[in-house]
Amino acid sequence: MDIQALLALQEEDGRLRDLQRELKVLLPGRRDEAEKRLDEAKQRVKAAEAEHLQAVKEFEHFNRQYQRDRDRMARAERNAVGQTGARALAAADQEHRDAAASAAAAEAGMAEAGKARTPTERKLDEARQVEAEEELAVKEIREAVAARKAAVEAELEKVKAKRESLVDAVPPAQLRYYERLKLTRWPCAVEYNRAEGVCTGCNLVQPPSVTQAVLHADKTPNAPLVTCPACGRILI
Ligand SMILES: [Zn+2]
């Protein structure tokens, strides 16, 4: 059985498949994975921004309260000046004490909120730093993928041209069988394990007649293709 031309074609088709797989699956996958990482970094920045904004708002809330209380205290002090009536003085005093108590509470709240504000700010800085790094990394990956894509496309053209020249050398009957089988099986031509009578494509043990046919084809140049009864692959 003479199938050297077919085997040469299969080898080239193997290259073709690898390149196509790289183009359609591996390269887009690599790019998508990088974009996903960048998206995640952006999401983390958003979450950190929201968290930090909340901490800042909290701080500002207490800060405003504190400023209002300080104003109230100052007002109470001004009201007390020149007052001679005991009731008016007592009222101003009371107002001052109330404002001071409220200011102290606001100050405590500010301190608490301030403590929360520092870590969220640091977290936000870190998230932004990671985002910047990811952006750079993704840019590099995008460029590398684009460069590799161009190289693969060029290589693919060469392989296709070479394939065209190999096709002509394959006997038409072999070519027809091979092309049809290629749609569902790969590789199409596989080693037949003569000692154990096994097709190495599907790994099934074959009846003795298959081994006989393979041995016969080994010695007969014009013998027809021997195929696996289980998977249809060409046995070599
Ligand atoms: Zn098989």
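So, what share of the 236 residues in this chain is buried? Buried residues make up 16%. Keep in mind that we're looking at a predicted model.

Okay, overall shape. The C-alpha atoms fill a box of roughly 130 × 40 × 25 Å along the principal axes. A compact globule of 236 residues would have a radius of gyration near 18 Å, and this chain comes in at 40 Å. Still, if you take the contacts with a separation of 6 or more, 72% of them join residues 24 or more positions apart.

On to what's in there. We've got 4 helices and 4 strands, and walking from the N terminus the order is α-α-α-β-β-β-α-β. The chain is split into domain 1, residues 8-168, and domain 2, residues 170-236. Their C-alpha centres are 60 Å apart. They do meet, though: the contact takes 4 residues from domain 1 and 5 residues from domain 2. On the domain 1 side, helix H1, residues 4-80, gives the largest share, with 3 residues. That side has 2 nonpolar and 2 polar residues, and no charged ones.

Now let me zoom in on helix H4, residues 208-219.

Which residues of H4 are buried? Those are Val210, Thr211, Ala213, Val214 and Ala217. Looking down the helix axis, the buried residues of H4 fall within an arc of 160°, so they line one face. If you want the background, an α-helix has 3.6 residues a turn, so residues three or four places apart point the same way. The face turned away from the buried side of H4 carries exposed residues: Pro208, Ser209, Gln212, His216 and Lys219.

And what do the buried residues of H4 pack against? Strand E2, 192-193, and strand E4, 234-235.

For a sense of scale, take Val214 and Gln83: 131 residues apart in sequence, and 122 Å apart in space, C-alpha to C-alpha.

Terms used. Residues are numbered from 1 along each chain as its sequence is written. This is a predicted model: local features need pLDDT of at least 70, side-chain atom pairs count only at pLDDT 80 or more; totals for chains, interfaces and linings use all residues. Domain bounds come from an automatic or database domain assignment. Two residues are in contact if their C-beta atoms, placed from the backbone, lie within 7 Å. Helices (H or I, at least four residues) and strands (E, at least two) are DSSP runs, numbered from the N terminus. Ala, Val, Leu, Ile, Met, Phe, Trp, Tyr, Cys and Pro count as nonpolar, Asp, Glu, Lys and Arg as charged, and the others, Gly among them, as polar. The radius of gyration is taken over C-alpha atoms; the globule rule is 2.2 Å times the number of residues to the power 0.38. A residue is buried if 20 or more other C-beta atoms lie within 10 Å of its own, exposed if 12 or fewer, and partly exposed in between; C-beta atoms are placed from the backbone. The arc is that of the directions from the helix axis to the C-beta atoms.
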